[in-house]
Structures are given as structure tokens and as C-alpha cells.
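Welcome! Please take a moment to look at the sequence and the 3D structure below before reading on.

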Amino acid sequence: MSDGEDCPPLCDMDAVDDSNGEDDEWEVAEEQNDPVKCLFCEAISPTMTVAIRHAKQQHDFDLAGVRRRFHLDEYSYIKMINYIRREKPAPEHFKTASGSSLPWADDKYLQPVENETWLMFDLDELDEIMLNNGGGGGVGVNGVSGAIENGNELGDTMTLTTDQYRKLQGIINDLTAQLREKENLLQHAASSIEKMKESFRHVVAEQQQPNGKDSGKGDAEEGAEGDKKLEQIKRKLEHCVSSVSVDDDQSYFNTYSHFGIHHDMLSDEVRTSSYRDAILRNADIMKDKTVLDLGCGTAILSMFASKAGAKEVISVDQSDIIYQAMDIVRRNNIDNIRFVKGRLEDTELPVEKVDIIVSEWMGYFLLFEGMMDSVIHARKQYLREGGLILPNRCNISIAGYGDLERHNEFIGFWKNVYGFDMSCMKREVLREATVEVCKPEHIITNANIIANFDLMEVDVDCPNFSYDFELLVKRDTQLTAIIGYFDTFFELPEHIEFSTSPYSRPTHWKQTIFYLEEPVPVREGQKVCGKFICRRDPKDVRSLFINIEVLNMVLKYTLN
């Protein structure tokens with residue numbers, strides 16, 4: 001090709017400049033292909049990006065600004081959209097609404113009016129959309145972008161790179177979260193102070209009541225007894241789930257934000273079908289009742305209750321899985337389930353009392369995770385007199401176990417690891433109780449029920465208990481572990497119960513194994529006697545310390 005010949009351009013630079021915005025917009029539009037109806041008029045936009053721009057340009061409704069002003073999370077955003085569709089407010093209304101009493105605060109706005117594309121929008125995409133569209137800033141007459149608020153130009157603006165903007169946005173989000181947490185802590189502290197005052201008043205009232213005892217009893221003795229009672233009450237208040245801040249407790253709820261754990265629980269047929277049968281086979285009890293589903297997860301129990309004829313179901317969960325639960329309920333066209341996101345101890349329900357509390361609160365060895373505390377709190381605060389808790393009773397059992405092969409795999413393993421002696425690991429390995437499926441043929445003693453829990457009676461100190469056990473050996477063998485499991489009861493007209501015993505169909509709870517360091521020979525007819533002591537972990541109310549005194553040994557374990 002000669003120098004005189006025309007060389008075709010590699011690209012049209014003007015065309016590239018013109019297309020940048022369209023390409024960015026197209027990337028966002030790929031996620032939202034459904035037509036979007038305007039919130040304030042009959043206009044139809046092809047994508048959410050176009051719909052958001054239309055609302056800002058035609059109605060002066062800045063979604064990003066509204067989100068910041070009212071601190072919208074996904075939960076309150078859903079309610080706001082449904083409020084707009086149902087009440088049809090003017091766009092100007094969102095400039096004058098008070099943040100302290102929002103018109104869409106009522107939970108009735110969780111129920112969508114129609115198949116709504118705006119409800120499918122992920123708020124996390126809003127920042128990216130605003131970036132791709134110039135940050136939402138106004139455009140001056142000369143085409144120069146400037147910051148505008150309430151129609152007035154603010155003057156000079158600062159240009160940030162995308163990374164700088166996102167970093168700044170992250171800092172703002174962190175600070176906002178910290179502020180909300182401090183507010184929660186203050187509210188919790190105020191609540192705890194009121195509880196302490198009430199407990200103190202109760203102790204004083206008891207001391208002042210005539211009790212018919214010897215009038216010669218010294219004031220000092222009575223005062224000491226009152227102080228002892230007050231100290232007991234303080235300890236109860238100080239060491240249960242309600243005494244832990246939401247921030248410190250959030251890691252527990254985060255584990256339930258992952259879908260795998262919900263698959264495990266839902267596919268546990270023993271667990272899920274037992275709840276289903278207890279609710280649906282006792283539909284007469286559920287009919288026209290207000291039901292609280294505590295720790296609702298995917299809302300499977302809420303939907304069972306609705307199907308059984310409940311008038312209303314209040315579904316509470318602090319985990320983000322609650323947002324998927326909302327979608328599940330909408331997809332199944334159920335309209336009497338109301339969701340509340342939050343930890344029950346720090347949340348006000350939309351009803352004063354409920355008729356029935358249903359909850360799948362049980363953890364490994366029944367008490368791990370400490371969720372029974374929340375059931376007790378719900379019973380005290382919200383359960384109507386004569387109401388029901390489902391399940392209403394559970395117990396814990398232990399038995400002797402003798403699986404030499406498994407003991408050698410798990411404990412003996414450390415004696416020779418690829419030719420190296422790692423037996424110094426054994427002590428720490430043994431301290432951790434393990435959760436496994438135990439084989440029934442290796443159960444070598446009878447079982448002892450070491451704890452019974454009536455959910456209508458227990459208090460938050462119930463994880464602290466001890467039991468003197470006596471296990472009768474069935475054959476000559478070697479004892480390698482003590483195992484624990486629990487049974488659950490729905491004591492209703494149509495009685496339902498299930499067990500996590502090794503003799504029953506396996507569940508996702510399996511069994512809890514407390515391994516001995518070395519196998520101990522035992523003989524048929526021998527009584528293996530000892531003491532089982534369970535205590536909350538002083539540093540983690542959802543974890544447990546277990547001591548087992550047996551065969552002249554004191555064995556210490558943790559469940560955390």
C-alpha cells in the first residue's frame with residue numbers, strides 16, 4: 001500500500017466516545033430485561049436504569065437520594081415501593097416525609113400490589129448505575145456536570161475515580177452501621193437497666209412481705225438472703241443471649257445466610273416432616289390463630305402454619321435469608337405472613353400477643369447455639385395466656401459407645417502421621433466434642449435421660465445442669481466414648497415426636513461424641529457411674545462447656 005493510498009481508520013473515536021455510556025448501561029440492563037412501569041406515571045421503560053433516570057428527570061424523584069435520606073435497606077425499600085403502588089403519593093411527598101414516622105413503616109406494605117419489577121431490583125446495583133450515569137449529578141447548559149441539591153448548584157465539585165468512590169462509599173456504610181449499632185447498644189443497655197430495676201423491686205417486695213418466720217431472725221441474715229437473690233437474678237441477666245450485643249452476635253446469624261445449611265435442614269426429612277405433621281395434622285389448633293415463627297429461615301414452618309389455617313403468621317429472623325423467604329412466600333401466593341428482620345430480643349413485633357410459637361431452635365446436643373433463650377424470651381413477652389409452644393418438650397440422653405475402629409481413626413491417628421509423632425495434639429483434639437453419625441451396633445450400654453426441658457416452664461439458666469448417671473454395660477467390650485442425643489415432642493391431640501438417637505433414622509443433628517483418650521475395658525453387667533455437668537461457656541453464651549466425671553477421670557469438652 002503506497003503512502004498516497006487512504007488508510008482505513010482503526011476505529012471511529014467519536015463513535016467510541018458516544019457509545020461508552022450505552023455500553024455501560026447495557027451491562028446493567030442485562031440484569032433487568034423486563035419492562036419497568038414508572039412509579040408515578042404510565043410510562044414504560046425497557047430497563048431499570050432507564051426507569052430510574054426517567055423518575056429523576058421527569059418527576060424529580062432521586063432514588064439514590066431517597067435511599068440515603070431514609071436509610072433504606074432491602075426490607076424498607078420493599079415496603080416503600082408497595083406503598084407507592086398502593087397509595088399513589090406525589091413525588092414531592094418524598095421531600096417532606098419525616099424520617100421518624102415514615103408512611104410506609106406499617107408491615108402491611110410488605111404485601112405487593114401486583115407483579116412488580118421494582119421489587120426485583122437489587123439496591124446494591126444502584127451505586128453502579130449512578131456511577132455509569134455520571135453519579136446522578138445534573139448537567140449544566142454547557143454540558144459540564146455539576147452537583148445539584150434541591151435544585152441549587154453547590155459550586156465546585158470533586159472528581160473521584162471509581163475505586164475512590166467505592167472506597168469512600170464503603171467508609172460511609174461502615175460508619176452508618178457503627179452508628180446504628182451504638183444506638184442498638186444504648187437501647188439494649190436501657191432495657192437491661194429496667195430489667196435490673198424491676199428485679200430489685202421484686203426482691204425488696206419479697207423481703208417486706210410477712211412470711212410467718214421467727215421474728216427473731218436477724219436483719220443481717222435477711223439482708224444477706226436478699227443480696228443472694230439479687231445476685232442470682234443479675235447472673236441470669238448477664239449470661240444469656242439477650243445480654244450480648246447484636247454486633248457481637250451477628251456472626252451466629254451470618255452462618256444462616258448461606259444456602260447450604262438451609263438445604264441440609266430442609267432435606268432432613270425427619271426434622272421437616274415432623275414439623276409439617278405436627279402443624280397440619282393439628283390444623284384445628286392452628287385455625288384462626290396468630291402464630292410466631294421464631295428464626296423462620298426460608299419460612300417453611302410459616303407456610304405450614306398458613307396452610308393449616310392460621311389467621312396471621314409473624315416470621316422473625318435476623319439472618320439475611322429472610323429476604324429469600326419473602327420471595328418464596330410471594331412466589332407461593334401466600335398473603336398472611338408478615339416478616340420482621342431482627343433479633344427477637346431487640347425487636348418489637350407488630351402484634352402484642354401471639355397464640356402459638358413455632359420454632360426449630362434445637363442445636364447440636366440440643367442446647368448448642370443457645371436459641372432456646374429466644375424461645376423463652378418470646379414466651380415471656382409475646383405468648384398469650386393459654387398459648388402453645390411447638391415443640392413443647394425436649395430431653396437429652398447419653399449412652400456408652402464402643403467403636404474401636406473409629407476411635408483409632410480419629411484419636412489414634414495422631415500417634416503416627418506420615419511417620420511423625422503428633423500425639424501432643426490429642427489433648428486439644430479430645431477437648432472438642434465431635435458431631436457424627438453413630439452406629440447403633442456400637443452402643444454398649446443402656447441410655448440415661450439426663451435433662452428434661454418443658455418449654456412452657458424453663459428459664460434461661462436451663463443449660464446449666466448436672467446429672468449423676470449410671471450406665472449398665474450390655475457386653476464385654478471397650479468403652480471409647482460417651483455419646484449424647486435428644487428427643488423432641490409435640491404433645492398435641494395428634495401426637496408427633498422424633499428422636500436423634502443412633503437407633504432412629506439419621507438427622508442433620510447426628511449425635512454428639514465425647515471421646516475418651518484411650519479405650520477402657522468394661523464387662524457385661526458392669527455399672528459405669530459418673531457425673532455429667534453442662535455449663536454455658538462464660539465467654540460465649542451460645543457455646544457449652546461439658547465435664548464428665550467417670551472411671552476416676554475428669555474429662556473436659558467444649559461445644560463451640
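## About the model

This is a predicted model, in which local features need pLDDT of at least 70 and side-chain atom pairs count only at pLDDT 80 or more, while totals for chains, interfaces and linings use all residues. Residues are numbered from 1 along each chain as its sequence is written, and side-chain values use heavy atoms, with hydrogens and water left out.

Helices here are DSSP runs of H or I with at least four residues, strands are runs of E with at least two, and both are numbered from the N terminus. Helix α2 covers residues 48-59. Buried residues (under 20% relative accessible area; exposed is over 50%, partly exposed in between, with a 1.4 Å probe and protein chains only) in α2 include Met-48, Ile-52 and His-59. Just after α2 comes Asp-60, with a positive phi of about 55°.

Helix α13 (residues 300-307) is largely enclosed by the rest of the structure, because 6 of its 8 residues are buried. Among them are Leu-301, Met-303 and Phe-304. Gly-309 follows α13 and has a positive phi, near 105°.

## Where α4 meets α14

Helix α4 (residues 74-87) packs against helix α14 (residues 321-331) at an angle of about 35°, with axes 10 Å apart. Axes are lines fitted to C-alpha atoms, for helices over the stretch in contact, and angles run from 0 to 180 degrees between N-to-C directions. Contact means heavy atoms within 4.5 Å. On the α4 side, Glu-74, Tyr-75 and Ile-78 meet Tyr-323, Met-326 and Arg-330 of α14.

## Two asparagines in loops

Is Asn-392 buried or exposed? Asn-392 is buried, at a relative accessible area of 14%, and sits in the loop between β11 (383-390) and β12 (393-401). Leaving out residues up to four places away in sequence, Asn-392 touches several residues, including Phe-453, Met-456 and Glu-491. With Glu-491 there is a side-chain to side-chain polar contact of 2.7 Å (a pair of N or O atoms within 3.5 Å; within protein, one must be able to donate a hydrogen and the other to accept it, and residues adjacent in sequence count only if both atoms are side-chain atoms).

Asn-115 lies in the loop between α5 (93-96) and α6 (126-132), and counts as exposed at 78% relative accessibility. Asn-115 is 215 residues from Arg-330 in sequence, with 9.6 Å between their C-alpha atoms.

Methods
Expected span 1.5 Å × (residues − 1).
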